[in-house]
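Good morning, and thank you for coming. Please look at the structure on the screen while I describe parts of it.

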Amino acid sequence: MRKLCPNLDREDGLETVLEVPIPEEIFSPTNKSPKISWQGMKSWMKSSNTEHSTVFGSKSAEIQLLLGVIGAPLIPITIPNNDLQLINRNIKDEPIEASMAKYIVRQYIAAVGGDTALNSIDSMYAMGKVKMAASEFCTGEAKLNSPKRKMKNLKSLENGEMGGFVLWQKRPELWCLELVVSGCKISAGSDGKVAWRQTPWHHSHASRGPPRPLRRLLQGLDPRSTANLFSNSVCIGEKPINDEDCFILKLEAEPSTLRARSSSNVEIIRHTVWGYFSQRTGLLVQLEDSHLLRIKTSGNDSIFWETTMESYIQDYITIDGVNIAHSGRTSVSLVRFGESSEAHSRTRMEEVWDIEEVDFNIKGLSMDCFLPPGDLKTEEEGGCGTVTNNTKAKLPFRILSSSKVRASKIAAIDVYDDDSESSSGSSTDQEL
């Protein structure tokens, strides 16, 4: 990862520290000239403005989709900032499924370093690189083998969009992320009172409901929050994941939480989280979550969106006595149904990530580092949390007419929530 940008105007000038490091792959290995190499990087930073045609209308539209869905999704459950001793309470009087889950969580705590090591962490920093791609888009009737179904295989992950990210955290509800992919930057964070997001194509906006943790942190970067999250789960069985026998722990978002995140025209029906813990090592091997929402359109019609994310977590390395995952892969499926069968669609996306640096107990990491942007739009100030069917609203990306999912059929949603939702056709980041 490149952290410094040379002065291209003066050879004796000071180098500039990059806010978000850039992957080495951006620079051609055969390029001997640093100046030419960095000029290529400047072209890469401008690439998001280049209108290359894709199934989503343009390359920039595809990047918006990827960042909106995979960039900074949130977990649906607020995690208490407690020491891990609370997990070790007496479990004899609890149902067998809950007792088994707490026992599995205890094994996980031991596997990642133990109570003492995890409770000694006050803050953390991580820096890494990502590669994203929209791999498939299909429309038509529900049956996959239907001759009426239209399918487009998009680019493979090897040819995906590259980028880097920096992540800071002080508590589960106190975090900040900066992510740059193909020159397009997204910032997101939480100050303990509100979770927010800032993108180049939309003003800063707040999520509905209480602040929630970043999903990316629970992909092996924050073991204590992972343990606290699954401390109230239930064990529902076993399943092999990549030839590794795993216990399955399940969590459901409370109805009150779903209502707080819903609006008058957008109803979040369910949001479920599963954790797959290795029976051999005790470590978290896979994190999965799925949620379903209903969008009310004109009349009594509704559109349903189901989003499913599966993250395979690997390459655990011990840092200061704590086991941290250093790589993984996330697969996303966005399914749209309701209305007529011809309007049904499914989009698949993928991401791989690698962690380059991790550090704990960062000196000088104050509350100022987590303050929301000055132009943050709340529901009261900017109408965030409303749904409109205004077909003249500017969409962040459009689907070509051949897909039969036209802009006029897509509700423009100002609900920023999990952004594992910003799928085909919202005027802002939407909750799909």
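I shall speak about a group of strands, then a pair of helices, and finally the cysteines.

This is a predicted model, in which local features need pLDDT of at least 70, side-chain atom pairs count only at pLDDT 80 or more, and totals for chains, interfaces and linings use all residues. Residues are numbered from 1 along each chain as its sequence is written, and side-chain values use heavy atoms, with hydrogens and water left out.

Strand 5 runs antiparallel to strand 3 (residues 124–139), joined by 9 bridges; pairing requires at least two bridges found by DSSP. Strand 6 (residues 174–181) is also antiparallel to strand 5, with 8 bridges. Tryptophan 168 of strand 5 stands opposite tyrosine 125 and opposite cysteine 176 in strand 6.

Turning to the helices, helix 3 (residues 96–112) and helix 5 (residues 223–230) pack at about 175°, with axes 10 Å apart. The axes are lines fitted to C-alpha atoms over the stretch in contact, and angles run from 0 to 180 degrees between N-to-C directions. Helix 3 is therefore roughly antiparallel to helix 5, a term for angles over 145 degrees.

Finally, cysteine 184 and cysteine 235 are both buried, each at 7% relative accessibility. The count of disulfides, pairs of cysteine sulfur atoms within 2.5 Å, is 0.

Definitions and conventions. Buried < 20%, exposed > 50% of the residue type's maximum accessible area, 1.4 Å probe, protein only. Helix = DSSP H or I, 4+ residues; strand = E, 2+ residues; numbered from the N terminus. Parallel < 35°, antiparallel > 145°, perpendicular 65-115°, else oblique.
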